[in-house]
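Notebook open, model loaded. I want to go through some strands, a pocket and a couple of helices in turn.

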Amino acid sequence: MKICILSIVNIKHMALISLYTSYFEENGIEYDIIYIDKYNEEEHTTAKNVYRYPITIDRDWNKLRKLSIYWGFKKYAQKILDEKKYDYVIVWRTETAFMFADYLSRKMRKKYCVNVRDYCLEKNPFIFQRVKKAIKNASFTTISSDGFKTFLPKQEYITIHSFNEKVLEKCKKREIQLNNKQPIRIGFIGYIRFVEHNKQLMQALKNDKRFVLQFFGAGSEILEDYAQENDIKNVEFHGKFNIEETAELLDRVDVINNLFGHGNPAVDTLISIRLYYAVYLKLPILVHSNTYMQEIAEKCGIGFTIANDDFTNMGERLSNWLNSLDYENVDRKCNEFLEEIEQQNRKFRNRLEIQFK
């Protein structure tokens, strides 16, 4: 069987692609990959043939000009698809499915799958219809959060989860009870994009000796400057880090910070890697209201919710909540969710067996 992975993003941004490639490697199945290369660099892959489409994008260009550069990939990739006559195509990200919707539906019907990773402006009727067309004619479609079902076409979806268990297994075993512990270390781990929400958090807990705010990852420099300008001392910072350092950083955290905001389908519906950290390690997590993250975190008994961006008297509210946590319930609920994750990933694995055996 001739298989191809098709994507408009670099390999480094294809989160979860290892769920496919590991299966191929374990079963001796060869595959090719066709993708847009924004960084003009060769990336490691086990693909037999790699087809890179280098592009250069200037941030100052308008959206139409940027789109025209991306759209050039369509002609390039379709030529390869026609020449190679693949038996099956793995379409990575909704944007890729949107771009190739007509081609896939016409020439590859039921011979491809779609992998939905994020919100892709599906509330726009034109985009929704093209995405619907691509999904309707796929053999199956995977999503990384059940929250995506709120904006996707009515269809059967396979939910897949991925977090680096090897990293988490390196974390130190510890008592999860935080009753009366001081200071409580509240950590954000990963690329820091949602700066304003974290500034609000810093102001709410400014120099409160019960808490230390930690920001570990690229983008933390902005918050470090903010702390200095506002004389906020109960903070720790660590810039960009390698994945090998993740376990060490997690060992320094008592509560996970996952404040992304709300009111945007892109953040309202996702499951972030930080939720998996919290569930696996059974750590409390800060989440915003009216999000799918809130639903899951509260279901597991670990969610402290910031409602409507209200940080009023947060130190007292958070301290009281932490001291009242039922840790036996937390342990049981988190284990139940981890079992759900295992069942859903098993369903995905069985689908691969059906498709590629």
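Predicted model: local features only at pLDDT ≥ 70, side-chain atom pairs only at ≥ 80, totals over all residues.

Residues are numbered from 1 along each chain as its sequence is written, and side-chain values use heavy atoms, with hydrogens and water left out.

**Strands**

β2 and β3 (residues 49–54) pair in the parallel sense over six bridges; two strands pair if DSSP finds at least two bridges between them. β1 (residues 3–7) also runs parallel to β2, joined to β2 by five bridges. There, Ile5 stands opposite Ile33 of β2. From β1 the chain crosses through helix α1 (residues 18–26) to β2, a right-handed β-α-β crossover (clockwise from the first strand over the helix to the second, with the strands pointing away from the viewer).

Is β2 buried or exposed? Seven of the seven residues in β2 (residues 31–37) are buried, so the strand is largely enclosed by the rest of the structure; buried means under 20% relative accessible area with a 1.4 Å probe, protein chains only. I checked both faces: Tyr31, Ile33, Tyr35 and Asp37 are buried on one side, Asp32, Ile34 and Ile36 on the other.

**Second largest pocket**

I noted about 500 Å³ of space in the second largest pocket. Of its 18 lining residues, Leu19, His161, Glu165, Glu342 and Asn345 are the closest to the centre. α14 (327–356) gives the most to this lining, with nine residues. I sorted the lining into five nonpolar, seven polar and six charged residues.

The buried set is Arg274, Leu275, Tyr276, Tyr277, Ala278, Val279 and Leu281. Lys282 follows α11 with a positive phi, near 60°.

In α12 (residues 292–299) I found Tyr292, Met293, Gln294, Ile296 and Ala297 buried. Their cover includes α10 (265–268), α11, β12 (285–288), β13 (303–306) and α14, where contact means heavy atoms within 4.5 Å. Just after α12, Gly301 has a positive phi of about 75°.

Key:
Buried < 20%, exposed > 50% of the residue type's maximum accessible area, 1.4 Å probe, protein only. Helix = DSSP H or I, 4+ residues; strand = E, 2+ residues; numbered from the N terminus. 1 Å grid on protein atoms, 1.4 Å probe; cavity = no way out; pocket = protein on both sides within 12 Å on 5 of 7 lines; lining within 4 Å. Points joined across faces, edges and corners; volume = space filled by probe spheres on them. Nonpolar A, V, L, I, M, F, W, Y, C, P; charged D, E, K, R; others polar.
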